[in-house]
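We will go from stop to stop, picking a few residues or strands at a time.

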Amino acid sequence: MKRFFLPFFCLSCFLLQAQIGVNIGLPERGGTYIDLARENYRWNNLNTGNPVGSAQVDGSGWPTVDAQYIADFRPVAEWAGAIDDPEVYRLDLSGIWKCSFRGQGQASAVSGGSVQNLQYDAATNTTRFDFAVAPGSNGLFLINIANTRRTSSDPLNSGFTEFKMLRPGYNDDSTLFYPPLLSLFDSIRFSAIRYMVFTGVNGSGPSYPAVTEWTDRKLPTDASQSAVPTIGKKSGACWEHVIDLANRTQTDAWINVPNSASADYVAQLATLLKNGLDPDLNIYVESSNEVWNTAPGFEQSQYNQAQAAALGIGEQENHARRTVELAQIFGSVFGPGALNGRVRVLLCSHQPMLKWWVEPMLQYIQTHFGPPSEYLYAIGCQTYFSGGAQSGESVAKILSDCHAGIAGQITDAGVNEAGRTQWIAKANAWNLPGGFVSYEGGPDHGGGSTVNIANRILAERSAGMCDEMRYNLDDAFIQLGGTLAMQFTLTSGYNRYGCWGLTDDVNNPHRNYKFACLQDLLREIATGAHTVPVGSGPGFSVFPNPSPGQFTLAFSLKNTALCAAELYNSQGKSIRVIFSEKPFPAGENRIETAEGAAFAAGLYFVKLRVGGDVFWKRMVVMH
């Protein structure tokens, strides 16, 4: 699907000028791959009880000893006797998990289910079994695989390869990704996916001056797509799977290139993307992730600092230099006209650092390479908001704190002068075609603290959080002139370490209001609905809601106007014109509909057009 871009600096913008994307992780809560083993690499040596080490796996990461497979879906921190989630939400893991491995061995269940139908096929040297999980499982799976032989000529306890554990309902994983995950993307139509967590860029590189070569990358054939440090690959999923998911979801790919990657690695990656990615999809390119962040787990910042010192420049200058280097290599591979077209290189930094890091980086590029707009598509930072850090704060107070926190980020009159309007102005001053983007954002209630954790989680699941998300993305980003905002993240558990996800279950995305909230906003973007500041609309409402199919439209007009109303289904397709180009007088107007049971139960949208303005209301039909 072709997408287009309009100038970012139009303040009275229409939603279709802006875009919203999402960061995805590995694993996504509820399922990323059909095969659990691709996203969950956790093996203990059955003989010692310790995690398998580098001396106990082959080059792809498969155990060369008898081993226990571990999968732990329990809510935080049940293993310590304290569950953060006041609703104690558990994934439904029940059903028959089809398991297999190459080689011979005995499988037995220790926790979470029972092993059934264990069989060995000598012709293919494959052992198969079912792992039956009953409803109500607490989510701790322990499966012992003992008396193993890789081949009939190998000794006992020699291990196995190609272990698979397919989710209930699937007999093979030929389609790779978990269908409910793909259906979720089909239902929401993000503009882009950022693969930073998915590919595991944080802390995955060596110490300077070592470099990451193309031969060091994760391969589709490795034992897992999660980090497998036992085979020297701390990175996450392979680039081939990034391409597969981008093509399947038809979303632009935002990639984070390790700052330790050699020039050959970068050129090989650019070539792989050029040859494999749908030519209608754009590629956003960022150098590593948060190279300013010195917290544990962000060792790429240490690499940047050491490299900068070796080159005799500042760390922010080195980040700018590396970003231009990526632009030069990608531009060379993709050819003339690709930069700021299909290839969009981003310079990202910490939100308060606009004049302390970003302006010096832009000046450095100008001095050493020429106009930054020849290399950079946009500058970006985070757009998080939070509240509820005090003990006993109510859900309402937490939401109020969130609103105030967002408002405080619009313009920064303090020492940093780094509000969102100021980031936008900086991008405009340097003529960057993509303007100002947000690489991560959304509600942020993590940090590891358990203070007021129950209400912090309940606030995330409240209808009011939808209002704050829309305020953050629309009023405080899109209407200011922001161009692309990346939500962090698609799914996650809700606990002391963060309630990042739009949902906490791929299989049940509407457990809270956040997923539907972005569905609504993205549908407005796709249909070109005009956003109108709060208080300036026509007092538009739809009731009852939920509706049995018969409902009332009510709206008040200041002046006589031609109006039209239309009903859309959850896929954004118009299914009924309620009325068209009809004159309505000033004052209160009410339209009774009698659609009856003609519409199936589900989510619908009512579009009201008043003159040149368009308004939307979400409606649920229940029979």
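**Before you click**

This is a predicted model, in which local features need pLDDT of at least 70, side-chain atom pairs count only at pLDDT 80 or more, and totals for chains, interfaces and linings use all residues. Residues are numbered from 1 along each chain as its sequence is written, and side-chain values use heavy atoms, with hydrogens and water left out.

Element names follow DSSP runs: helices are H or I with at least four residues, strands are E with at least two, and both are numbered from the N terminus.

**Stop 1: strand β1**

Select residues 19-23, which make up strand β1. How many of its residues are buried? The count is 5 of the 5, so β1 is largely enclosed by the rest of the structure. Here, buried means under 20% relative accessible area, exposed means over 50%, and partly exposed lies in between (1.4 Å probe, protein chains only).

Show the side chains next: Q19, G21 and N23 point one way, I20 and V22 point the other way, and all are buried.

Strand β16 (residues 484-487) runs parallel to β1 and is joined to it by 4 bridges.

**Stop 2: just past β16**

Stay with the chain and select F488 and T489. The peptide bond from F488 to T489 is cis, with omega near 5°. T489 lies in the loop between β16 and α11 (514-527). For context, most peptide bonds are trans.

**Stop 3**

Jump to D130, in strand β7 (residues 126-133). Is this residue buried or exposed? D130 is buried, with a relative accessible area of 9%. Draw a distance between the side chains of D130 and K98: a polar contact of 3.2 Å joins them. A polar contact is a pair of N or O atoms within 3.5 Å; within protein, one must be able to donate a hydrogen and the other to accept it, and residues adjacent in sequence count only if both atoms are side-chain atoms.

Then widen the selection to contacts, meaning heavy atoms within 4.5 Å. Leaving aside neighbours within four places in sequence, D130 is in contact with I96, W97, K98, S114, V115, Q116 and N117.

**Stop 4: the β17-β18-β21 sheet**

Show three strands together: β17 (541-543), β18 (552-557) and β21 (587-592). These 3 strands form an open sheet in the order β17-β18-β21, with antiparallel pairing. The edge strands are β17 and β21, each of which pairs on one side only. On average, neighbouring strands of this sheet are turned by 20° against each other, direction ignored; the axes are lines fitted to C-alpha atoms (for helices over the stretch in contact), and angles run from 0 to 180 degrees between N-to-C directions.

Between β18 and β21 there are 6 bridges, in the antiparallel sense. A554 stands opposite R590 in β21.

Follow the loop between β17 and β18, where P544 is placed. The peptide bond from F543 to P544 is cis, with omega near -5°. F551 lies in that loop too, and F551 counts as buried because its relative accessibility is 2%.

**Stop 5: the cysteines**

Select the cysteine sulfurs. How many disulfides does the structure hold? There are 0, where a disulfide is a pair of cysteine sulfur atoms within 2.5 Å. For C348, the nearest cysteine sulfur is that of C381, 8.4 Å away. C348 is buried, with a relative accessible area of 7%. C563 also counts as buried, at 1% relative accessibility.

**Stop 6**

Most residues other than glycine have a negative phi. Select N147 in strand β8 (residues 140-149): N147 has a positive phi of about 55° although it is not a glycine. N147 is partly exposed, with a relative accessible area of 45%.

Finish at E417, in the loop between α7 (395-410) and α8 (420-429). E417 has a positive phi of about 50°, and it is not a glycine. At 41% relative accessibility, E417 counts as partly exposed.

Terms used:
Pairing = 2+ DSSP bridges.
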